[in-house]
Amino acid sequence: MSHLRSRRRLALAVPVVLSLTASLGFLPAAATAAPQAESATRTADAPKLAYVVNTKVDRHTIASVKKAIGKAGGSVVATYERIGVIVVHSSNADFAKTIRTARGVQSAGATRTTPLAAAGTKEEGAVEYLTAAQAKRTEAASAKTPESEPLEADQWDLRTIGADEAAKINPGSSKVTVAVIDTGVDDTHPDIAPNFSASQSANCAGGKPDTSQGAWRPYTAEDYHGTHVAGEIAAARNGIGVAGVAPGVKVSSINVTDRANGLFYPESVVCAFVFAADHGVEITNNSYYVDPWLYNCMDDPDQRAIVDAVNRAQLYAQKKGTLNVAAAGNSNHDLDADAIVDDSSPDDSTPVERTIDPHECFDVPNQLPGVVTVSSTGVDNVKSYFSTYGKGVVDVAAPGGDRRYQIPDTPSKDGRILSTLPNGAWGYLQGTSMASPHASGVAALLKSKHPGASPAQLQALLKAQADRTACPESYDQDGDGTQDAVCEGGKRVNGFYGYGIVNALRAVK
């Protein structure tokens with residue numbers, strides 16, 4: 001499940017303030033030529049692809065483009081008029097090429113490299129479930145600390161950022177909701193149920209929200225990622241299992257995973273940001289990158305359209321008052337480097353190795369303007385061995401685990417993050433996917449204390465309360481005499497930790 005993570009921002013290429021009624025500032029002007037009168041040849045059994053078509057934001061233009069979509073052999077799945085994004089399915093191999101010539105279309109492209117497929121299940125990831133014997137040992141250790149949750153002795157991450165003490169002062173407001181845009185959340189879990197908001201939950205797979213009862217839940221027990229993330233943010237202090245960073249706030253679930261392969265396609269993420277914004281969500285957590293491209297290069301029309309569509313959606317959410325928080329990625333890439341080798345894209349078909357410039361090819365959504373990018377640390381407050389980084393890229397750092405080099409003095413001696421799993425279970429995971437929800441939880445505490453704060457103000461507060469952390473003198477984690485990553489910058493802000501490691505206790509004080 002390599003797609004369950006994220007990376008960096010378009011600050012160098014995209015102005016922070018962008019109009020929601022226009023395409024990205026670095027995109028070319030919209031084509032004015034009328035669409036071709038004839039559609040490319042279609043056959044009854046031709047493979048069908050999904051597309052995003054991005055237009056000017058006015059009803060006349062959108063209506064005209066929808067007619068052009070039909071003439072080009074496309075069928076409209078969903079229309080987001082307020083941001084000018086239309087989700088389309090088509091069996092026409094020349095659909096994208098044709099629709100790009102239509103009047104009012106500013107960008108358009110395929111959101112995947114393989115045809116739409118029948119539903120299936122994805123492979124199980126590397127999670128370790130907590131056993132009964134482990135739980136018994138941890139419960140005995142936790143009992144020695146008053147007001148501790150039964151499994152809290154193994155939650156080194158809470159103590160590292162002062163979340164255990166913060167909960168005694170302010171556990172967060174139930175008027176604040178963090179939407180987990182992910183693989184779905186098991187809202188029946190006893191640690192999540194008390195704080196779950198069903199009215200702000202949906203399934204957005206395919207680009208259209210489904211709010212029917214339980215649609216937001218994971219498809220199978222193997223789709224555990226979102227449930228783990230939700231517990232890290234807001235697992236209740238109810239005498240059961242673990243505690244979240246902000247145990248008094250609400251969490252909701254927006255499931256964006258494709259049933260066939262578990263990937264996070266652009267149209268699903270567009271739907272999620274718009275749904276969250278329209279349903280009063282204050283913060284979204286994004287522990288993934290938008291598939292199928294790890295980096296979307298702006299010289300490719302399909303990848304350009306993906307950046308455009310998702311950016312419109314997340315900017316719409318910001319305008320409506322939503323702060324978007326995203327994981328930095330698990331590739332140990334320097335996102336301020338001159339070049340990066342990407343050998344994982346596209347991940348829905350056969351990857352092709354390519355060398356990209358991270359200043360021209362962007363990870364979405366975390367490289368988009370206004371999104372908070374979070375790197376991962378272990379128990380020693382050192383960058384996790386896997387965490388992506390980069391000066392001017394990372395905003396803050398947070399505990400995401402490191403089972404290889406940073407081992408805590410806890411009952412389990414496990415350097416990963418313990419949290420909730422589907423079907424009333426608990427278990428360990430690590431990654432920037434785990435760091436991002438810690439930052440989201442602290443942001444929720446800040447929003448609880450400062451309810452009137454805008455997304456930009458909330459991001460400034462998140463940076464201000466962070467513990468300044470300087471670059472390490474050496475980052476030779478495996479001791480082979482070679483630096484495993486190079487940290488650029490000073491103590492105030494640098495490539496490993498941004499403005500510092502989030503601090504929940506300072507946030508509530």
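Exposed means over 50% relative accessible area, and buried means under 20%. The exercises below use a predicted model.

**Exercise 1. Work out which face of helix α1 is buried, and what the helix packs against.**

Step 1. Size the helix. α1 covers residues 59–71, which makes 13 residues. From first C-alpha to last, α1 reaches 19 Å, close to the expected 18 Å.
Step 2. List the buried residues of α1: T61, I62, V65, A68 and I69.
Step 3. Look down the axis. The buried residues of α1 fall within an arc of 120°, so they line one face.
Step 4. Recall the helix repeat. An α-helix has 3.6 residues a turn, so residues three or four places apart point the same way.
Step 5. Find the other side. There R59, H60, K67 and K71 are exposed.
Step 6. Name the partners. The buried residues of α1 pack against β1 (49–55), β2 (74–80), β3 (85–90), α2 (95–99) and β4 (105–110).
Step 7. Inspect the ends. D58 caps the N-terminal end, with a side-chain oxygen 3.2 Å from the backbone nitrogen of H60. Just after α1, G73 has a positive phi of about 90°.

**Exercise 2. Locate two cis peptide bonds.**

Step 1. The bond from D291 to P292 is cis, with omega near 5°. P292 lies in the loop between β9 and β10 (296–297).
Step 2. The bond from S345 to P346 is cis too, with omega near -5°. P346 lies in the loop between β12 (340–342) and β13 (354–356).

**Exercise 3. Characterise the disulfides and give their pattern.**

Step 1. Count them: there are three disulfides.
Step 2. Take C204 and C271, joined at an S to S distance of 2.1 Å. The S-S torsion of C204 and C271 is about -60°, so this disulfide is left-handed. The pair links distant parts of the chain, 67 residues apart, with C204 in the loop between β7 (202–203) and α6 (225–234) and C271 in helix α7 (residues 266–278). C204 is buried at 0%, and C271 is buried at 1%.
Step 3. Take C297 and C361, whose sulfur atoms lie 2.0 Å apart. With 110° about the S-S bond, this link is right-handed. C297 belongs to strand β10 and C361 to strand β14 (residues 361–362), 64 residues apart. Both C297 and C361 are buried.
Step 4. Take C471 and C487, with sulfur atoms 2.0 Å apart. The torsion of C471 and C487 is about -60°, so the disulfide is left-handed.
Step 5. Number the bonded cysteines along the chain. The pattern is 1-2, 3-4, 5-6.

Technical notes
Residues numbered from 1 in each chain as written. Predicted model: local features only at pLDDT ≥ 70, side-chain atom pairs only at ≥ 80, totals over all residues. Heavy atoms only, no water. Helix = DSSP H or I, 4+ residues; strand = E, 2+ residues; numbered from the N terminus. Expected span 1.5 Å × (residues − 1). Buried < 20%, exposed > 50% of the residue type's maximum accessible area, 1.4 Å probe, protein only. Arc of directions from axis to C-beta. Contact = heavy atoms within 4.5 Å. Polar contact = N/O pair within 3.5 Å; in protein donor to acceptor, adjacent residues only side chain to side chain. Disulfide = S-S within 2.5 Å.
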